[in-house]
Amino acid sequence: MAAPPSGKVVYEQEGVFIHSSCGKNDDQDNLIAGILRVIEKENEVVVDWRPLDETLDTSNILCAGKDSSSVVEWTQTPKEKCSRGADRPSSYEAEWDMVTTVSFKKKPHSNGDATTHANRESKWSFLFSLTDLKSIKQNKEGMGWSYLVFCLKDDVKLPALHFHHGDSKSLIKCLEKHVALNESPHDERVLLVKTQKSLSQSFENLFDEPSYGLLQKWKKDPYVVTMGKFSKVTNYIVGTLRSSDQSNQRRPPSEMADFFNDTIPGLKINQQEEPGFEVITRIDLGKQPEVSRREPVSAEEWAKNMDSEGRILDVDYIKRLIFKGGLCHTLRKEAWKFLLGYFPWNSTKEERANLQKRKTDEYFRMKLQWKSVSEEQEKRNSRLRDYRSLIEKDVNRTDRTNKFYEGEDNPGLILLHDILMTYCMYDFDLGYVQGMSDLLSPVLYVMENEVDAFWCFVSYMDQMHQNFEEQMQGMKTQLIQLSHLLRLLDSGFCSYLESQDSGYLYFCFRWLLIRFKREFSFQDILRLWEVMWTELPCQNFHLLLCCAILESEKQQIMDKHYGFNEILKHINELSMKIDVEYILCKAEAISMQMMNCKELPQTVSEILGIENSSVTPDSDTGEDESAAELSCPTSLYQSISSPVIAANGTRDGAQQAAETQSLAPA
């Protein structure tokens, strides 16, 4: 008998048959015996039916994807087996889907006599998540064997299951523990999955985990809930908070605010009608300057800026070069250690070698702590068990398409696991939260060294720590700050987002949580992160990157009158389609635009870390119009005369570089 999918089996019944009409006489059923199970997995509940045949080819399983409605495959070619079928529910990409996408394919199968009995059975096997169930049709009482027909979303009907041993009602009772079923008003034999329940009840079952409510699950796993299930949260919010009356589809901002404040305590993003934003809406930032980028820093440029003992001669200059062009890949292994703070900028080569020796000893002492824990000890240490379980789960699905991590028993995966386990010893209070593997993966890829990767990761986590804390203080702060910046940049766009219940910018949560890791290609993330690590041209440059992406998409969102769901879907579908060089240029232009503003609000100045002796207070005084004296890093745009890359990706010579320099703020 084929092994069931992993998880807790809460219902199991043998003697459940499919009656398939096949062969030359369609009036005679071919009985396919099977076993039906309901299985509780970590993030979902699935219904699984399989033939009682050990020769079942599981690659032909009929599968409903976990986060993408139902993806139905009757048969598969060898080429498709890697991306569809039985592995689909545990797909790493599926856990990042923010918006439901629907794809149905019903492939024809042969009716020829050559089809074997085993093949006839395997093509009927199926597995689906209860989140994809639409209705259940029952037989009339007294009409032969009891049977059930499952209908999935978009009216895909699965083969009827005949309970030759009876007891179909016990299955219904089991399913009712996980989904609400109501009798159809049109057909008493049909049970409909109820999608609208009270707010509190719906959130208890929102993630198919009855033991967790939204708030508890969000606090425990912000990465999984936000990234993997956020579409269900947002789609439910719309359905609940919007009236069915088409003339009253817009709910008061305060009602949406109450919901999000309950979900993320302390998240207070001002709405348009608040008087504190009146002054911002009237500020003219002027035209965005044209910005170009240069070639990546070469090994020769790096070596020229280092003295005989290995000290960096001009730290500010080398940071400016990196900000404007990034690094060639051969330099990253060394330069990232400086950018992340593992190596002091003023250290000599000898001092760095001594530091690495000390840090190596320290690392392996911490690694030994968890390596030496016996099985008996771990049975009595639930936190360590939980950390290990999460790490093993995430490591096995992190960047597996990258050659550094692909394949089974890959040494890169072993290092990824060991570094994350050792980090739990380094910071046991935080331990491991899902998402950290995404931050470590590029660092380990570049370092190719366990110890160096660990200490660089420690430095990166020092910056990102608040994003992963239970109270999510870092995420609250960033969403509020992003709202301030976007309103200053384009108050009209903010007003439109608010009119679509999207003013809370929740669709940016993934961007902020793991610094755009899932929005850009792997190589582009290397470039983006090293630019951000320079901390130029201001504080919180990553928020300006968010502004740049949103401003780039503003026209399409507004021209096509996207609503709540369309905005969420559109933003999600930008993943892997964003031009990193263009967005870097645009974000830098926005920073210059704000730094040149004579009436920059004090709140914005504080977010960007700009010392402004003549800022406009966040109230409508309208009196001070004197030029602001900004501590803008004007030298950022000076002394860089190397060839540049324009926002459109074309290459120009020194003349365009000179034009770029002339854009420096006065």
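Just after helix 21, histidine 561 adopts a positive phi of about 55°. Helices here are DSSP runs of H or I with at least four residues, strands are runs of E with at least two, and both are numbered from the N terminus. The model is predicted, so local features need pLDDT of at least 70 and side-chain atom pairs count only at pLDDT 80 or more, while totals for chains, interfaces and linings use all residues. Residues are numbered from 1 along each chain as its sequence is written, and side-chain values use heavy atoms, with hydrogens and water left out.

Helix 21 itself covers residues 541-559. At 1.5 Å a residue, its 19 residues should span 27 Å, and the end C-alpha atoms are 28 Å apart, which agrees; the expected span is 1.5 Å times one less than the number of residues. Helix 21 has a kink of about 45° centred on glutamate 553, where the bend at a residue is the angle between axes fitted to the seven residues ending there and the seven starting there. In the loop between helix 20 and helix 21 lies proline 537, which is joined to leucine 536 by a cis peptide bond with omega about 0°.

Helix 20 (residues 522-533) packs with helix 10 (residues 329-339) at an angle of about 35°, and their axes are 11 Å apart. Axes are lines fitted to C-alpha atoms, for helices over the stretch in contact, and angles run from 0 to 180 degrees between N-to-C directions. The contact (heavy atoms within 4.5 Å) involves His329, Arg332, Trp336 and Leu339 of helix 10, together with Gln523, Leu526, Arg527, Glu530 and Trp533 of helix 20. Four of these residues are nonpolar, two polar and three charged. In this division, Ala, Val, Leu, Ile, Met, Phe, Trp, Tyr, Cys and Pro count as nonpolar, Asp, Glu, Lys and Arg as charged, and the others, Gly among them, as polar.

Positive phi values also occur in two other loops. Aspartate 399, in the loop between helix 13 (382-395) and helix 14 (411-426), has phi near 50° although the residue is not glycine. With 10% relative accessibility, aspartate 399 counts as buried; buried means under 20% relative accessible area, exposed over 50%, and partly exposed in between (1.4 Å probe, protein chains only). Methionine 576 has phi near 70° and is placed in the loop between helix 22 (564-572) and helix 23 (580-595). Its relative accessibility is 46%, so methionine 576 counts as partly exposed.

Leucine 440 belongs to helix 15 (residues 436-447) and counts as buried because its relative accessibility is 0%. Leaving aside residues up to four places away in sequence, leucine 440 touches Leu416, Ile419, Leu420, Ala453 and Phe457.

Glycine 15 sits in strand 1 (residues 8-21) and, at 9% relative accessibility, counts as buried. Its contacts, not counting residues up to four places away in sequence, are Gly34, His162, Phe163, His164 and His165.

Over the whole protein chain there are 25 helices and 14 strands. Buried residues make up 55% of the 666 residues.
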